Amino acid sequence: MLKLIRFLKGYGLKTVVGPLFKLIEAVFELITPLVVAWVIDTAIPMGEGGDYSGLVTGGLIILGLGVFGLAFSLTAQFFASRASLGFGTNLRRELYKHINTFSYAELDKFSTTSLITRLTSDVNAAQQAVAMFIRLVLRAPFIVVGAIVMAMIIDVKMSVIFVAAAFVIGICLYIIMSISMPKYKGVQAKLDTVSGLTKENLVGARVVRAFGAEEREKARFNAASETLAEASVKVGALSALLNPLTYATLNLAVIAVLYFGGIKVDTGALTQGEIIALVNYMTQILNAMVVFANLLVIFTKASASAARINEVFDTKPSIEEGKGAAPDYDAPAVELINVTFSYTESGNPALENANLTLNKGESLGILGGTGSGKTTLINLITGLYRVKTGKVKVFGNDIKDYTFEELYSFFGVAPQKCVLFSGTVRDNMKWGNEAATDEEINLAIERAQAKEFVEAQKEGLNYVIAQEGKNLSGGQRQRLTIARALVKNPKILILDDSSSALDFATDAKLRKSLGKMREEEKLTTITVSQRVTGLKYCDEIIVLEDGKTVGKGKHDELMSSCETYREIFMSQNKGEETK
């Protein structure tokens, strides 16, 4: 938690003043038993017609201490709430900002559900710990120490009972805390698993139903939930031992106070009011220890959550931003020089010794089977991963030299997995260019062959897209994704198998439209496709197999020189003829 203190910036005064108000309230609480003792010993009238003024005075003093204590307590609560909510907001904002600096390499390390849990559940646990820290962490030990000191003032020998009780409880707290802290981290990890299954099943609900796998998925979820419940119950049971141990120890201490105090009252060493005061101080210690025990449970959870949050902060982006470079638009648009890339240090190369030169206004096709390295090549060109062997250049400069803004401004990407966001069609189209006009959006939609179905909606550009585009077909999502890339007015358009859901006629119209853009606007295009027909007329085609380039050239050249390309073409061409 100490590493997260920096997120209290701007709330330092509230963080300091809040505990001070609680300490003042605690002082009032410690004075109250002495007033009660005075009332019992001197202010209660004996017999009829006695003087009640002392009783009234004592009652008013106790009432005043209670009212002022409540006022200071509410003020401290106000400061604690403002500071903790501010802390949570700052932490959540910075954590989200840090996550968005991650490259694909760091995102591969953390699962999506784990990051969501850290942004929500773990941040909330840390926020609650800050609130409880300001409100109670100083007050609880102050009450314990203060009660012991006040007991010493009344009778030093009797205060030994208080010290012994506090010592025994402290040992119990330490043992339970040291055992339970690592277990809470395990509980949070199991919560990640449950969250992951939930997300997986909600996103893939149609697939689950299509395969009639509801019962199997319920069983998986129930098993994960049972594992989480068992872990939570075990650590909860361990933490729950704090309250009974605390109550048992302090109740035994109260019995000792009454027993030995009774003997002292009988000998005249103590008064009845002082015994009541000692019992009140023991009760205050009891309440403070119970609070402290609960605080330790909260702090133990928060420590586990803070460790998970710090794990994200300690993960630094592997891609460093360049200082900036001036692009040379007369140089090749994309150039790869002896590029070899592996996703892990010891893993087999996903791409090996790749060389490529793509000039401005040309079209490149990338063909290969599943796992051949097509998407890896695209991710390296766009800088989502960085090569350690070889060099990737865009418009004459190594992509490492560009700032992120400069590099990403070159590319318009329609990714393999179509991702649309909840909102209108217009909102989605403006992701790449917030200043885009409706005319520019409509032109991009027309070029992406999406005009027909957008105009078919009475709302037009105001048509609301559901979360993840679930109210659209696969082909509609792909065309809107391509249109969004075109609205950006990119220098290089990348289509990563983004026309797989289109029929052949629509695909042909899209290729014709993009071909016209290459001629008129010198747009450079890179197309990844499983269909040879989608790449047949590209200026150059690269054929990948197991991360290696096994063919390079135009269609006619590859038909005669590349067996892999010829086999793919013949299998697809044969399939079409049999329909």
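The lining of the second largest pocket has 15 nonpolar residues, three polar and no charged ones, where nonpolar covers Ala, Val, Leu, Ile, Met, Phe, Trp, Tyr, Cys and Pro, charged covers Asp, Glu, Lys and Arg, and polar covers the others, Gly among them. By pocket I mean an open set of points on a 1 Å grid over the protein atoms alone, where a 1.4 Å probe fits and protein lies on both sides within 12 Å along at least five of seven lines; lining residues have an atom within 4 Å of a point.

A word on the model, everyone: it is predicted, so local features need pLDDT of at least 70 and side-chain atom pairs pLDDT 80 or more, while totals for chains, interfaces and linings use all residues. Numbering runs from 1 along each chain as its sequence is written, and side-chain values use heavy atoms, with hydrogens and water left out.

Back to our pocket. Its 18 lining residues include Met1, Leu2, Ala129, Phe133 and Phe299, which lie nearest the centre. Which helix gives the most to this lining? That is α10, with five residues. At least two residues each come from α4 (112-137), α6 (156-203) and α10 (272-314); helices here are DSSP runs of H or I, at least four residues, numbered from the N terminus.

Now for the helix packing. Helix α2 (residues 53-99) packs against α4 at about 155°, with the axes 8 Å apart; axes are lines fitted to C-alpha atoms over the stretch in contact, and angles run from 0 to 180 degrees between N-to-C directions. The pair is therefore roughly antiparallel, the term for angles over 145 degrees. Residues in contact, meaning heavy atoms within 4.5 Å, include Leu91, Leu95 and Ile99 in α2 and Val130 and Ile134 in α4. By class, the α2 and α4 contact has 15 nonpolar, five polar and three charged residues.

What about α2 and α10? Their axes come within 9 Å and cross at roughly 40°. That makes α2 oblique to α10, oblique being whatever is left after under 35 degrees (roughly parallel), over 145 and 65 to 115 (roughly perpendicular). Here Leu91, Glu94, Leu95, His98 and Ile99 of α2 meet Ile309, Val312 and Phe313 of α10. That contact divides into six nonpolar, one polar and one charged.

Last pair, friends: helix α9 (residues 242-267) and α10, whose axes come within 10 Å and cross at roughly 170°. That makes α9 roughly antiparallel to α10. Among the contacting residues are Leu250, Val254 and Val257 of α9, with Leu278, Met282 and Ile285 of α10. And the classes? The α9 and α10 contact has 18 nonpolar, five polar and no charged residues.
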